Amino acid sequence: RVRRHRADGSWLYLSISGRPICAADGSFLGYRGTSTDITKMVEAERELARTSRVLRGTFDNIMHGIMVFDNDGRLVDFNRDVLQQMHLPADRLHPGMTFTEMFSVFVSVDRMADNVFQRELQFRLDHMQHSEAFVRERTTADGIVYEIRGHPMPDGGYVFTQTDMTERKRIESELREAKEHAELASRAKSEFLANMSHELRTPLNAIIGFSDIMRSQLHGAIEVPQYRDYVDDIHGSGVHLLCLINEILDLSKVEAGKLGLAEDVIDLGAAVESSIRMVSERAATQQIALSCEFPTVMPRLLADERKLKQILLNLLSNAIKFTPPGGSAHTRVSIEADGGLRVSVQDTGIGIAPEHLPKVFDPFFQVDSGLSRRFEGTGLGLALTRAMVELHGGTVGIESEFGKGSTVTARFPKERVVVDSRPLKPAA
């Protein structure tokens, strides 16, 4: 083979052969020969060699042990990871050995019992014979867990991969244990909250009941005005504390999946008006104007009436709480294009900064969370609202602009909307 430079700078490869020609007396006359352009063949050989090096490097450095067998069940090739995983010297495995011989070498390393050896060997031989793929786990005597995979090859051969899964199994076990501990802790917390809520309600009922009797001066007048103020404060604080306890208890029920629905077809307009009346005194005290807007044909709703009113009260209470004097809170009921229902409460309050919007439905989240918070509450109102709306198959969203107000919208699916033509009562 010879190489020649072409005019364009590339190389030309030639295969040249020559045969000497001699006269009858044996004298040399010259050569008879051929010259063949083998440039493409040489380039193909080089590309094949390069590809082989790449494949060999990949084969040896891939993070799996690989063993390739021909259609007679004899070892054709294997990579270094097989030797490293089994802590074998290079001379323990060699091409040409049978699968049984190879498997016996592995067994000598991980001290597999005879009955297990025969079962595992037969399992693999059967799959090789029938050209069937399989996935199997094997744990060595040292506690190393391998995932064994077998795959038939198009030419009748068979390839095995062996992957060390010990670390992954350890992580899975730790995650499983952590999940179980978290679930136990969550159940313990829910049980504690339920028990404590019950224990606190009993004395609170007495405090609220007796302070209410004292406020009404049922058994005689309270002469000192300051004492009457104290009684009002005791009653108001007791009612407030009871509301907080009820919210925490409802949250524990949500987390335990025990918050169910008592469904009925209810008069949505009446529910909205009733909720507005319940907060109207507080709104008047804080100089907040309340209004509502209904569609021409007011729908009814398949819902849990108590929870629906709680949703409305939570939204209205938030609107009143975060709106300065002179502001307003507007409740709007409307039918959406897909037949669903939306109930929104729009206020002209302090609004929410954009960075806080994604968190407003998280339990116990409060934007104003300093020690000297201006607004009371547990931060559970919107979290419970979302949970109760989702129980009805709906969704809750919020739009807000800092310093200009917020609009919270609860959407109920069309399957819960019952539309009829009954006349509406005047809105409150």
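A residue is called buried when its relative accessible area is under 20%, exposed when over 50%, and partly exposed in between, with a 1.4 Å probe and protein chains only. At 2% relative accessibility, phenylalanine 99 therefore counts as buried.

The model is predicted: local features need pLDDT of at least 70, side-chain atom pairs count only at pLDDT 80 or more, and totals for chains, interfaces and linings use all residues. Residues are numbered from 1 along each chain as its sequence is written, and side-chain values use heavy atoms, with hydrogens and water left out.

**Sheet and helices**

Helices (H or I, at least four residues) and strands (E, at least two) are DSSP runs, numbered from the N terminus; two strands pair if DSSP finds at least two bridges between them. Five strands make up an open sheet in the order β5-β4-β8-β7-β6, with antiparallel pairing. Because β5 (75-78) and β6 (134-139) stand at the edges with a single partner strand each, one side of each has no neighbour in the sheet. From one strand to the next, the twist averages 20 degrees. Angles run from 0 to 180 degrees between N-to-C directions, and axes are lines fitted to C-alpha atoms, for helices over the stretch in contact.

Strand β4 (residues 65-69) is joined to β5 by three bridges, and the two run antiparallel. In β5, aspartate 77 stands opposite valine 68. Helix α1 (residues 39-61) packs on the sheet and touches β4 and β5, its direction making about 80 degrees with that of β5; contact means heavy atoms within 4.5 Å. Helix α4 (residues 114-129) lies across β4, β6, β7 (145-152) and β8 (158-164), at about 160 degrees to β6.

**Aromatic rings**

Rings of Phe, Tyr and Trp (its six-membered ring) pair if their centres lie within 6.5 Å; planes under 30 degrees apart count as stacked, over 60 as edge-to-face and the rest as tilted. The count by this rule is 10 aromatic pairs. Two stacked pairs share phenylalanine 99.

| Pair | Centre distance | Plane angle |
|---|---|---|
| Phenylalanine 99 and phenylalanine 103 | 5.8 Å | 15 degrees |
| Phenylalanine 99 and phenylalanine 160 | 5.0 Å | 20 degrees |

Phenylalanine 99 and phenylalanine 103 lie four residues apart in helix α3 (residues 99-110), about one turn of the helix. Phenylalanine 99 in helix α3 and phenylalanine 160 in strand β8, by contrast, are 61 residues apart and link distant parts of the chain. Phenylalanine 160 counts as buried at 3% relative accessibility. One aromatic cluster includes Phe69, Phe99, Phe103 and Phe160.
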